[in-house]
Amino acid sequence: MSGYLDNITPDSFSGIIFALEGVARTIVLLNGPTGCKFYHSATSDNQTIRQFEFDPLNYPEKWYFGQPRVPCTYLDSSDYIYGSRDKLTEALEFLRDNVSFELLCIVNSPGAALIGDDLRGIAAAIIQDRPVVVVETPGFSRDICAGHETAALELLKQLPLRQADEKAPKTVNLLGLSVFHRNYTGDIAELRRLLALCGIAVNCPLCAGGDLESVKNLPNAALNIVIHPDYGLRTAENLNAQYGMPFYVCDGPPVGFAATEKLLREICVSLGADASPAIAESERARARAYAFISRVNSLTGLPKGVTFSVEGTYSELYAYTDFLVRYFGMIPSCLSVLSAGSDCFKDRLRALLDKLGVSDALDRDILETDSELVLASGNTIAKLKLKKHAFSGIEISLPSLGYVDVIPKTHLGIQGALLLTEQIVNGLMF
Amino acid sequence: MKEIAVYGKGGIGKSTLSANLSAALAQAGKRVLQIGCDPKHDSTRLLTHGHRLTTVLDYMRVTNPLDYKLEDILLRGYADIGCVEAGGPKPGVGCAGRGIISTFELLNQFKLKEHYDITVYDVLGDVVCGGFAVPIRREYADTIFVVTSGEFMALYAANNILRGIRNYDNEERRVAGILYNKRNVEDEDERVVRFARAVGLPICAIIPRSDAFTRAERANMTVVEQAIDRGVIDIFSKLAQEIMAGCTLYEAKPLSDEQLESVVLGREETVGLQIPAASTPGKKPKPALAVPEIDLTDPNRYLSKNMIRSEPLHGCAFNGAVTMSVHIRDAVILAHAPKSCAYISYQSISSTGRRGLFERGALLPVPLSPNLEATEMGESEVIFGGMEKLEDKINEIKKRGPKAIVVISACPAGIIGDDIDSVRLLSEPDLPVVTIKTDGNMSGDYLQGMLMCYTMLAKQIIRRDVPVAPDTVNVVFEKVVAKNTDGNFRIMSEFLSQLGIGVNCRFLCDTTYDRLENFCAAPLNLLAYKDYTGKLLQDFFTREYGAVFFDMAFPVGFAETADWLRGVAGFFERPDAAEAIIAEHQARYAREVAALKPVLSGKKLMVITYNHSLDWILQTALDVGIEVVKVGILNFSQDEGFRTRLDVPLPVEENYDRDNREKDLKRYRPDILLTNYASSIADEVFVADTIPMCPDVGFYSGLIMAKRWAQLLKLNLKGEWKQDERLFRQYYAG
């Protein structure tokens, strides 16, 4: 009865908050009720460990409400009528005088956006020594990718970016990464590591851990790499238009050995760097994966022919499907699209499926799937478990079922390809 | 009772006209109420002789809901006319339209209109948003006048007002006609007549531009009261007589902008001129909807602690109502909201389900698969209104055949004035549409939403005429987000089963529509929690349905469990069954307490917690010989008032804070510190442990914790990891 995938998914409001929470040493002040705050604070805190205990007395009741992230102005019905100026002023003065930050962002909740308060004017009178970025419209019911890009573009528009005469050679920015991505910490660590092997430095993972300085220096990198096109393509195009920055769009997030090697080779060609150390490591990793897959295969004939389902954005579906089909020889049963409004990879996914002869995978409901492997969020995996369907679930997006990753994990790059191989080998039923 | 809305462009003279009309109606012997719906709040000035009222919105802003008194916002003016001003924000800030909605909600709760024969609404200018359209909703105005002069902008506004009415009425007939307030501009009469003919409305009154108005205003009174200009008085008296006799009503037929321009500028006669079709006698408009059921004039109001104390709201009523209502498993819960609101609620509901599955392999249907959907309000809906989308979504859900549809509204729906109660009319005999108009946090905090959910669902679902189901109980107010809810219910069900008692309905946890409907069948009701909310709900069900409640909540700890079993068994007249269960556990409890005493006796215990009921742990502590040196109760949005049945003095301090914690830790140097969240501040304490917000029920809850402390005291375990806070601060903090 409940088709939550149709409409119970995060929207642009969450995308904006998580994007801005992804700028290091930033306060994201939510101009809205506490009801809009608790989830975002908890999720941001879980994803970015910046405090070590949950002692609510460490965070003041007003604005923080016992949580470490995303303070809010706790608007109520009276504020919708009279405006939020008083509470916003009080909160800004408290934050200015009591909390350490480099950048302050103010985001309207969906309700607050309707009353049209002059957030910028109010903030300008109170915070004068540090930059303030304002997002007045949370983008009612647009998808989370759109929200992420809205926030990123507002950062570019409202912050004074620096443009040096010459680009820093072999330096890149990473676009389209979000703290909302399940393995965000591990994703960035792996990308940094692989690029470093090629002699390439990362200036700013925009909205994914980069600090204010690195955001201001965005135009000085030699290249922008768009990791998740649904989350970063518009930003890359904007930087190209504004600052003439070239950009490289990944074939979806680099999931699997082939996608990773292609990314590294092409980036290195573009920047005049050497991909061979990273390629050598990839080949060693493939050798190790081969041994484990071969042992399973020799006993069972698997993983070839195993059916799988994936839930994700168009580019994520493309990346996972490409790897699982080409590398393991598995068969896509159902590909369920999240944030379908962000469809820059829709045609490429369709073309891939047409080529594989499995176009109908996009038409099937993942909640009805009988496939043996399901790569999805904890919610979808749990709902399928409730239906007593026998399968192995691999979490690729939030929310998690609850496993806490002390060691940062990733599905990207070489380490990611190995982890996915491990999860698939362990998830096969025979 | 008649309700008249007077609409027109700002500055056109609505307030003067409305006040004179009210005065004329009062002179004709009617009890009249005039409600000014303009932020500049001067609608009733001429009726109150210049006395400024406290506006409803200013009043609500500074007054505790429990202290609301009608006389604070109602002033009796000339001829005993009731005068109320909605008020509103300063120009350029806030949302005045939402202010109108809030005003009407409060006035409904006071049932103010019931004391009057006629209500006159004086409404600001154009219909600029859903809020200003409230008075023309069908449950309010039954007669609408449009005020205009011959100026283009006045006629433009009048036409827009007709558009607003048309949106609500389609072809219903509620417009009485035009009140033509002359400005003596060129070609004015012709323009107004052409407009009236074009929209098919009569000109009900022509008010001349007269010095009488100026003189009366200088004296802070109406022309009708001042009684100088007989001609003007006659106009209003005649209008009053027509209203009392029952005006002929017409449907709103607004013109397109092009038509309006051609009509007003007189370029050509408009096409489609229509003779007004008078309302058909006997034809009734669509039925009006009931006003919100909770009566603020009732001394027993069901308000959360945040609302009563005017504290910052914790969470939103929308989320509270959604979280509870998804427990009607065979209903679809429809959030009239942007996706974000439904998504956030979905995550908080499903987090306990995911965790239960991950930790214990538990497959709990409601938290793993809540039947929650959203209308996905977008930019278009928040600007143009979302009712059409809501109705479409309901009709789509109906095709899937759920047992019921429960509609709950979020902030944007409330701010723009979407009236979700109207979709109850989409109910079908076997498919009720139930509404909980939380409007996000506009009606209050999370707890207020829970209360609204209980009371609104009860009033719309529970049947009173069901046969009694003997030997059954209802379980009321289980905390659905606690991770031990299911386990606690199983323990209590087992106790009840041993007493030969079944469960009729869990209101409101993991249940069905039919079970809620049959709530009245059970002879006894058991509260799971008897905190502030539990007591409110007990009061509600007792008053509304004559429900009989057992005096204790689900028991935690040995003494409470024994008392609970004896009490419930006594109600069903089977005391022996209870004694048998108690005896089975008593010997074991005594044995285990004796074993713990050598380790725990004489140790000092300090508790800092949000829990307001701690007998379960304090009793065990006292049983094993622990000295309780301090009980610090933190302020908690969902409860207040420390409760104990222990007959020993306890060092309790309510509204405890961080400063006291540091001071008391130094002063008492406790051996054991219990908190809801472990904190590094407790590093000096020998045993620092956490206690759950919702403890497990049954005989051994306290004992299990005491055994854990004994183990920790024996071993003096600290954990070397605690020494690495320095490293965390170096590498991660900031």
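A residue counts as exposed when its relative accessible area is over 50%. B:Arg669 reaches 59%, so B:Arg669 is exposed. This is a predicted model, and every value below is computed from it.

**Two positive phi angles**

B:Arg669 is not a glycine, yet its phi is positive, at about 40°. The residue sits in the loop between α24 (658-668) and β21 (672-675) of chain B. B:Asp510 also has a positive phi, near 45°, and is likewise a residue other than glycine. Its loop runs between β15 (502-507) and α19 (513-517) of chain B. Is B:Asp510 buried, exposed or partly exposed? The relative accessible area of B:Asp510 is 27%, so the residue is partly exposed. That value falls between the limits of 20% and 50%.

**Confidence**

The model scores ipTM 0.95 and pTM 0.84. For chain B the mean pLDDT is 88. In that chain, 92% of residues reach 70 or more. One stretch of chain B, residues 269-300, stays under 50. The model still gives this stretch 55 contacts beyond four places in sequence. Where pLDDT is low, predicted coordinates should not be read in detail.

**Chain B as a whole**

Chain B contains 26 helices and 22 strands. Along the principal axes, its C-alpha atoms fill a box of roughly 100 × 55 × 55 Å. The chain has 734 residues, and 58% of them are buried. Contacts in chain B with a separation of 6 or more are 77% between residues 24 or more positions apart. The accessible surface of the chain comes to about 29300 Å². Carbon and sulfur atoms hold 50% of that surface.

**Aromatic rings**

In chain A, the charged end of A:Arg130 sits over the ring of A:Phe101, 4.0 Å from the centre. In chain B, B:Arg506 lies over the face of B:Phe489, with 3.4 Å to the ring centre.

| Cis bond | Omega | Loop of the proline in chain A |
|---|---|---|
| A:Leu302 and A:Pro303 | about 5° | A:Pro303, between α13 (276-300) and β8 (307-312) |
| A:Leu398 and A:Pro399 | about 0° | A:Pro399, between β11 (392-397) and α17 (413-427) |

A:Pro303 and A:Pro399 each lie in a loop of chain A.

Note on methods
Residues are numbered from 1 along each chain as its sequence is written. Chains are lettered from A and ligands numbered from 1 in the order in which they are written. This is a predicted model: local features need pLDDT of at least 70, side-chain atom pairs count only at pLDDT 80 or more; totals for chains, interfaces and linings use all residues. Side-chain values use heavy atoms; hydrogens and water are left out. pLDDT is the predictor's confidence in each residue, from 0 to 100. Contact means heavy atoms within 4.5 Å. A charge sits over a ring if NZ of Lys or CZ of Arg is within 6 Å of the ring centre and within 35 degrees of the ring normal. Helices (H or I, at least four residues) and strands (E, at least two) are DSSP runs, numbered from the N terminus. Buried means under 20% relative accessible area, exposed over 50%, partly exposed in between (1.4 Å probe, protein chains only). Accessible areas come from the Shrake-Rupley method with a 1.4 Å probe; for residues, only the protein chains shown count as cover.
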